[in-house]
Every structure is written in structure tokens, then in C-alpha cells.
Amino acid sequence: MKKIPTTSIDIDQQPGHAIRRLHQISVGIFLQEAGDLGVTPVQYAVLQTVGNQPGIDQRTLARNIALDASTTGGVVDRLEARGWLERKTSPEDRRARQLTLTLAGEQALRDAIPVMLRAQEHILAPLNEDQRSTFMALLQLLVTQNNELSRAPSDATGR
């Protein structure tokens, strides 16, 4: 068996490492921009998805934002405790919980949208317009083609 030298791999040239680092940077930028709002990127994703689809059930929400059910439940619990989300039993399926934004949740979402847009702009700032378009197309391709390999595949890929 041929021995692979352990010192020959440059971790900074590995896509997984670069993606993890970009995720760290992305979250850091979002939290820096969010300031006093106290909204995390995942909480924003929940608020935006529920705002886009009032009455969405918690299981569908989890699949749409690619989170496992227990993590989604915790995020929903925290947003409900803040008075931003309301959870109601579905009239069609008493086991399902439908989610809607409260008035305070709608305001929190309106406040968070410019924060999110600034964060996205900041993340992509080093790229020119052509590079941004190429980067986003390639990123979407990787996410879509590898979706089923995720621990929490998204039903929303390829929209």
C-alpha cells in the first residue's frame, strides 16, 4: 500500500474547508450587521419563509430551509417566545402546527431585510458583477446537485 505524505495537503485549497470558512465569515458579517436586532441568519430564514408562506407547517418549513425538525422546533420556540411567531393547530391535521408571523414578527422581518441585504452585499463585495453571477450560479449548482447528501435535504433547491 502506497503511503500518502500527510504534509502534502494544503488545507486552504480544500473546498470543504473554504466553504466552512466562508460560512463562518457569512454568519459573522450577518451578526455584525444585525447589531441590536438580535436575529440570527437561521431566525431570519424562518421569518422570511413564514412571511412568504403564511400558515406553513413546521415540517415543511424545516424541509424548505434545510434544517432538521428538532433544530427548527427550537428556533420556532425562540421566535414564538419573542412574540414574533404564532403556532396554531392545523384544522386539516391536528398533529401539524401552522406558523404565521405576528404583527411584531412582521416588523422584525421588515427590520431584518435591509440587514440581510447589507450582509449579502458585504459578503460579495470582493467580486465584480460577472464574478458574483458566476459564483452564485456555481454555488447553486453545488447545493442542488449535492442536496440529497445533506443531513437535512431541502425541498426548496432548484426553485
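## Exercises on a predicted model

Helix α2 (residues 41-52) packs against helix α4 (residues 69-81) at an angle of about 80 degrees, and their axes lie 10 Å apart. Keep in mind that this is a predicted model.

**Exercise 1.** Work out how α2 is oriented relative to α4: roughly parallel, roughly antiparallel, roughly perpendicular or oblique.

*Solution.* Start with the angle, about 80 degrees. Angles of 65 to 115 degrees count as roughly perpendicular. So α2 is roughly perpendicular to α4.

**Exercise 2.** Find the residues where α2 and α4 meet, then sort them by type.

*Solution.* On the α2 side, pick out Val42, Gln43, Val46 and Leu47. Facing them in α4 are Val75, Arg78 and Leu79. Sorting this contact gives five nonpolar residues, one polar and one charged.

**Exercise 3.** Follow Val46 into the largest nonpolar core.

*Solution.* Leaving out residues up to four places away in sequence, Val46 touches Leu61, Ile65, Val75, Leu79 and Leu85. Now zoom out: the core has 25 residues, and Val46, Val50 and Leu61 touch the most other members. At least two core residues come from each of α1 (15-34), α2, α4, β3 (97-101) and α5 (103-124). The largest share is from α5, with seven residues.

Technical notes:
Residues are numbered from 1 along each chain as its sequence is written. This is a predicted model: local features need pLDDT of at least 70, side-chain atom pairs count only at pLDDT 80 or more; totals for chains, interfaces and linings use all residues. Side-chain values use heavy atoms; hydrogens and water are left out. Axes are lines fitted to C-alpha atoms, for helices over the stretch in contact, and angles run from 0 to 180 degrees between N-to-C directions. Helices (H or I, at least four residues) and strands (E, at least two) are DSSP runs, numbered from the N terminus. Angles under 35 degrees count as roughly parallel, over 145 as roughly antiparallel, 65 to 115 as roughly perpendicular and the rest as oblique. Contact means heavy atoms within 4.5 Å. Ala, Val, Leu, Ile, Met, Phe, Trp, Tyr, Cys and Pro count as nonpolar, Asp, Glu, Lys and Arg as charged, and the others, Gly among them, as polar. A nonpolar core is a set of buried Ala, Val, Leu, Ile, Met, Phe, Trp, Tyr and Cys residues joined through side-chain atoms within 4.5 Å. Buried means under 20% relative accessible area, exposed over 50%, partly exposed in between (1.4 Å probe, protein chains only).
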